[in-house]
Amino acid sequence: MGAHRAADARAHGGTHLVWDWNGTLFHDTDAVIEATNASFAEIGLEPITLERYRELYCVPVPRFYERLMGRLPSEAEWGVMDEAFHRHYRSFAANARLASGAEQLLTDWQAAGLTQSLCSLAPHEHLVPIVRTHGIEQRFVRVDGRTGPSSTGKAEHMVRHIAALEAVAPDRVVVIGDAVDDAVAAAHAGARAVLYTGGSHSRASLEAAGVPVVDSLADAVRAARELTA
């Protein structure tokens with residue numbers, strides 16, 4: 001690390017960013033809605049708009065279906081729903097791209113001598129190849145996708161992710177995500193969070209989390225620096 005990069009890292013208190021993937025770094029919102037409606041058609045549910053999706057979406061995902069159906073899906077129903085969504089999503093997501101400015105933000109953060117990682121509920125075996133495809137794997141000190149059931153939340157996953165980071169104290173970590181569960185997971189792990197409006201939640205629902213809410217990833221990075229100043 002050069003002197004300038006070391007000084008810059010100290011200036012920002014050694015802040016470590018934990019990025020969310022879907023709806024944050026990866027702008028796949030359109031693919032998610034298309035896949036959701038394609039899977040809904042298979043199970044007899046009415047299509048949903050982006051606005052309605054952002055009002056209702058939550059994690060664990062079966063609770064999202066409970067809001068739509070008025071009841072939790074059975075284990076068998078959930079298996080069908082989950083398989084249908086992921087099958088359609090893989091097709092639609094092939095055309096999705098990184099969020100505007102994401103690649104440069106990742107490059108600049110690394111060039112400043114600061115560290116960042118990726119923690120996602122996307123299946124690990126699918127996440128790693130697509131991160132490589134977009135040429136950003138080398139920007140992260142760690143990439144962790146989900147390895148357990150898709151019905152689980154993010155809190156324990158985040159705790160394990162942060163615990164696995166070398167020489168990074170949780171109070172120097174800021175999670176950048178697009179969903180309330182990102183803020184919940186960060187708090188569960190002793191970290192802080194900034195939420196971005198470009199993904200799965202409405203601004204109103206994000207603001208209820210009680211953390212900074214921003215409209216661009218550049219603003220998210222600035223807010224993260226302020227939180228750990």
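The model is a predicted one, in which local features need pLDDT of at least 70, side-chain atom pairs count only at pLDDT 80 or more, and totals for chains, interfaces and linings use all residues. Residues are numbered from 1 along each chain as its sequence is written, and side-chain values use heavy atoms, with hydrogens and water left out. Five of the five residues of β6 (residues 173-177) are buried, so this strand is largely enclosed by the rest of the structure. Strands (E, at least two residues) and helices (H or I, at least four) are DSSP runs, numbered from the N terminus.

What surrounds β6 in the sheet? The sheet is open, with six strands in the order β5-β4-β1-β6-β7-β8 and parallel pairing; two strands pair if DSSP finds at least two bridges between them. β5 (143-146) and β8 (213-214) stand at the edges with a single partner strand each, so one side of each lacks a neighbour in the sheet. Strand β1 (residues 16-19) runs parallel to β6 and is joined to it by four bridges, with histidine 16 having valine 173 as its bridge partner. Four bridges also link β6 in the parallel sense to strand β7 (residues 192-196), where alanine 193 is the bridge partner of valine 175. Strand β4 (residues 115-123) pairs with β1, again parallel and over four bridges, and here leucine 118 of β4 stands opposite tryptophan 19.

Helices complete this part of the picture. Helix α8 packs on the sheet and touches β1, β4, β5 and β6, its direction making about 150 degrees with that of β4; contact means heavy atoms within 4.5 Å. Helix α6 (residues 102-111) lies across β1 and β4 and runs at about 140 degrees to β4. Axes are lines fitted to C-alpha atoms, for helices over the stretch in contact, and angles run from 0 to 180 degrees between N-to-C directions.

The axes of α8 (residues 155-164) and helix α9 (residues 180-188) come within 8 Å and cross at roughly 50 degrees. The contact is made by Ala155, Glu156, Met158 and Val159 of α8 together with Ala185, Ala186 and His188 of α9.

Key. Buried < 20%, exposed > 50% of the residue type's maximum accessible area, 1.4 Å probe, protein only.
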